[in-house]
Amino acid sequence: MKFFKSEKKVPPLQHDTSIPYAEVPAKDFEELFKKFKASADFLSFQYPSEAAFTVSYFKSIVGPDQVHQEILPVLTQQHPSTLEEVKNGIPVENIIISNDLKVIQDAVMTGSVIIQINPDNSHCLLVPCASSEKRQISIPETEFSVVGPKEAFVESIETNINLIRKRLPVPELQMKEIKVGRISQTRIAVLYIDGIVDQENVQTVIQRISDIDYDAIVDISFIAQMIADNQNSVFPQFIDTERPDRAASGLSEGKVVIIVDGSPQILTGPTTITNFFTAFDDYFVTWHIASVFRLIRVFAVLFSIMSTAIYVAVTTYHYQSIPADLLPTLIASRGAVPFPPILEALVLEGTIELLREAGARLPTKVGQTIGIVGGIVIGTAAVQAGFVSNVLLMLTALAALASFTTPIYQISNTIRIIRFPFLLSAQLYGLLGVAICAAFFVCHLLKLTSLGRPYLEPIFPLRVKDLKDSFIRLPFSSQTQRPEILRTEYSSRMQPKPKEDSRDIDE
Amino acid sequence: MDNLPKKNRKVSSFFAMFLVHKMQIGVGLLGFERVIAKNAGYDAWVSILITGFCVNIVIWMSFRMLHKDGNDLISIHKHLFGKWVGGGLSLYFIVYFVFLTITILRTYTEVIQIWLFPGINVPVLLIIFGLLVYSCVAGGFRIVAGIAFIGLLIGMPLLLLKYFPLQYANFSNLSPVLDHSVKDLLLSAKAVTLNFLGFELLLMYYPFLDEPRKAEKWAQIGTIFTTAVYLFSAFVSFAYYTQEELAHSIWATLTMWKIVDLPFVERFEYVGVSIWLFEIIPNVCLGVWAASRGVKRLFAVNQRKSLLFLLFIIILSCMLFQTRQGIDQLNTIVSQVGFWTVFIYIPALFVYYMIVDKVRKRSK
């Protein structure tokens with residue numbers, strides 16, 4: 001059907017002249033230096049005296065202490081005459097001598113110091129000397145847990161990899177690095193444990209990341225959207241986490257981890273929908289408690305999506321199905337409301353969304369005030385003014401609360417949004433509308449994949465073994481196998497234990 | 001010539017159970033009791049057993065043919081009767097699948113008209129269903145199997161509602177046991193056929209089953225399960241209604257939902273009919289899928305095109321049936337046609353296939 005297929009328009013390839021450094025940084029060395037010198041933070045001076053070595057660097061990204069203590073003394077004290085001698089004299093690794101303009105530019109822009117004998121000579125000694133400001137490792141905020149590690153990822157890729165490596169000290173934990181972004185040149189690391197991970201997943205991830213062509217990758221959420229299987233889905237197809245323990249545990253299960261420099265979150269994949277109901281502290285409590293919590297979350301999400309829609313459906317079309325005992329309460333609450341249920345529900349849902357949005361944009365202290373003013377004052381006033389009914393206010397507030405029970409922030413946004421189609425279809429066809437809308441979503445979820453693996457996995461395709469760590473969590477002793485969905489190369493997690501001593505009654 | 005589906009398009013063999021069972025549990029379950037009790041009265045449960053057993057035999061025959069052929073009905077027809085006659089027979093099956101789908105869809109919309117929204121705009125509703133079915137079937141066979149499985153998961157708990165009529169059950173309704181003639185029992189068994197129809201779709205989705213030899217066992221289990229569900233439902237209805245009451249209950253099971261008494265909801269049929277959507281959509285999806293796959297295999301057109309074309313036809317024809325009589329007639333005709341197709345044509349085809357197979361082997 002041509003009608004349904006979008007015509008693929010391939011524009012003629014343009015040679016982009018505005019960002020020329022992609023392949024050829026500059027025509028010649030002089031032009032490159034002219035470009036550097038156009039910035040006020042680029043220093044270039046002769047050292048130790050006139051007509052000696054030329055030292056140049058961006059002072060904003062170079063550590064001054066290192067320059068003063070390790071590089072400049074070598075030039076004055078050892079009196080080298082060639083770049084080779086300088087190179088041998090400076091106690092820093094990875095020093096390169098190059099006349100390749102691209103190498104020079106990349107090095108300088110990532111914090112190297114250039115040393116030249118003759119300012120016109122394009123042979124440069126490049127001493128890596130970067131200093132970057134980074135935040136202290138802090139406690140996780142969006143995925144807070146009462147017990148368990150209190151470390152969260154920060155914006156620096158090295159620190160993040162460090163946080164993972166110290167949890168998994170094996171050489172099989174391997175890393176591939178890719179640079180993406182025409183301007184941002186963002187470093188992206190793909191981590192996996194060789195021997196466990198399905199290499200196909202690694203290849204898929206690397207392939208998709210390498211295929212990205214974009215000017216600036218600022219955050220990992222860019223990557224998450226760009227490499228998603230279905231970019232038009234409201235459902236997130238990767239789990240983003242700020243907890244190194246969750247990342248390490250994902251790696252040991254056989255997942256692929258993606259880290260982006262400058263982003264305090266990492267992505268793990270492939271993922272299934274049940275992973276979004278898994279908080280990492282589920283593993284810190286015994287399995288009964290964890291299972292109950294998970295079931296509570298699943299019901300909370302279903303409640304959050306359906307409750308207002310069912311209210312609208314029942315009060316609009318199926319008022320016969322309200323039990324007689326409940327009827328007086330509902331009449332007392334809704335009797336004075338002048339609007340049809342759908343309008344009432346939309347007003348309240350809209351208010352809650354306003355509060356959330358305002359609360360998220362404001363600083364914490366003001367945000368609390370907004371919460372109190374909005375939640376209590378507006379809520380009470382709206383009911384007293386007869387705009388909305390008490391019952392619906394309660395349902396909406398509960399639904400909003402319930403949508404926060406999901407441990408992963410991305411899916412709670414999804415839940416927030418998909419309530420509205422349910423609400424509208426409830427207005428259209430009552431409970432049947434809710435069922436139709438649910439059927440559309442089920443159909444969508446069935447079609448969805450994450451890195452090519454089915455999104456609804458333990459349910460469809462039905463894999464009973466993977467149910468052990470999905471809606472419920474069985475004890476560690478029964479988690480002997482890694483999830484089947486990940487198609488790991490080595491699926492056994494441990495040797496099944498021999499039976500313990502039986503009690504006297506069994507002998 | 002015949003390209004079989006790729007491995008990653010197939011479903012596990014045990015899904016044969018869900019596929020066979022799902023297609024048999026549909027709108028029929030809501031009101032089959034009156035029809036089957038017409039001839040055999042309250043001995044009709046024997047008829048359910050008879051039909052169930054016959055279906056098991058037909059499934060066995062179908063798998064014998066399919067295992068030998070390795071593909072689907074269309075290639076069997078081609079193999080036996082050549083391009084033109086075989087193609088004509090395949091075309092008949094496509095039309096039959098289309099009618100099966102029309103019956104399911106139209107009967108369900110009738111239920112909605114009667115029980116939920118008397119004044120509903122049927123064309124609009126049908127178009128919405130059409131979009132839903134399109135979005136499922138366009139995802140391929142795996143998605144269709146998935147929606148069948150999830151439909152079953154959502155629908156199964158409704159069986160628990162039989163607890164409520166069982167409180168008022170009067171099992172002496174069933175006695176005297178077996179006081180009807182064999183002829184009556186067989187006539188009722190014929191009437192049960194409509195409820196068991198749909199398993200013959202396995203003639204189309206056979207190549208999509210991984211390890212089809214294992215799938216045979218699962219398909220049989222699926223049918224036995226269907227028989228159990230119908231038997232159980234029939235027993236509950238027979239124990240709840242007297243014969244005279246049942247004769248006037250078009251939707252016996254649906255009517256029984258009325259007495260469901262839960263603290264938070266009354267008139268459960270509103271909820272029930274809505275949830276029943278998840279029982280209907282998979283059946284429609286499977287029917288349309290089989291028909292459009294047939295068109296694809298027969299005329300070598302893109303399945304998306306044939307799907308759109310068939311959905312258009314199905315929705316348009318659904319709109320033609322407006323009255324209760326018309327829909328009842330549709331049900332009766334499809335039941336008759338289905339009976340002949342499943343219990344006469346497929347066994348005949350089986351016998352012919354075996355003979356041809358023997359002769360061709362010998363001549364080699």
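The model is predicted.

Confidence in chain A comes first. The mean pLDDT of chain A is 87. A score of at least 70 is reached by 95% of the residues. Among the elements of chain A, strand β9 (residues 256-260) has the highest mean pLDDT, 95. Helix α12 (residues 364-384) of chain A has the lowest, 80.

The domain assignment of chain A gives domain 1 (20-128), domain 2 (157-271) and domain 3 (283-453). Between domain 1 of chain A and domain 2 of chain A, the C-alpha centres are 33 Å apart.

The two chains touch. Chain B contributes 28 residues, in contact with 21 residues of chain A. On the chain B side, at least two residues each come from α4 (73-116), α5 (122-137), α6 (141-155), α13 (268-275), α14 (277-299) and α15 (303-320). Helix α6(B) gives the most, with five residues. By class, this side of chain B holds 19 nonpolar, five polar and four charged residues.

Within chain B, helix α3 (residues 44-69) meets helix α16 (residues 324-363). Their axes come within 10 Å and cross at roughly 35°. The crossing of α3(B) and α16(B) is left-handed. From α3(B), the contact draws on C54(B), V58(B), M61(B), S62(B), R64(B), M65(B) and K68(B). From α16(B) come V342(B), F343(B), I346(B), P347(B), F350(B), Y353(B) and D357(B). The residues of this contact comprise 10 nonpolar, one polar and three charged.

Definitions and conventions: Residues numbered from 1 in each chain as written. Chains lettered and ligands numbered in written order. Predicted model: local features only at pLDDT ≥ 70, side-chain atom pairs only at ≥ 80, totals over all residues. Contact = placed C-beta atoms within 7 Å. Helix = DSSP H or I, 4+ residues; strand = E, 2+ residues; numbered from the N terminus. Nonpolar A, V, L, I, M, F, W, Y, C, P; charged D, E, K, R; others polar. Domains from an automatic or database assignment. pLDDT = per-residue confidence, 0-100. Axes fitted to C-alpha atoms, helices over the stretch in contact; angles between N-to-C directions. Left-handed = near helix turned anticlockwise from the far one by under 90°.
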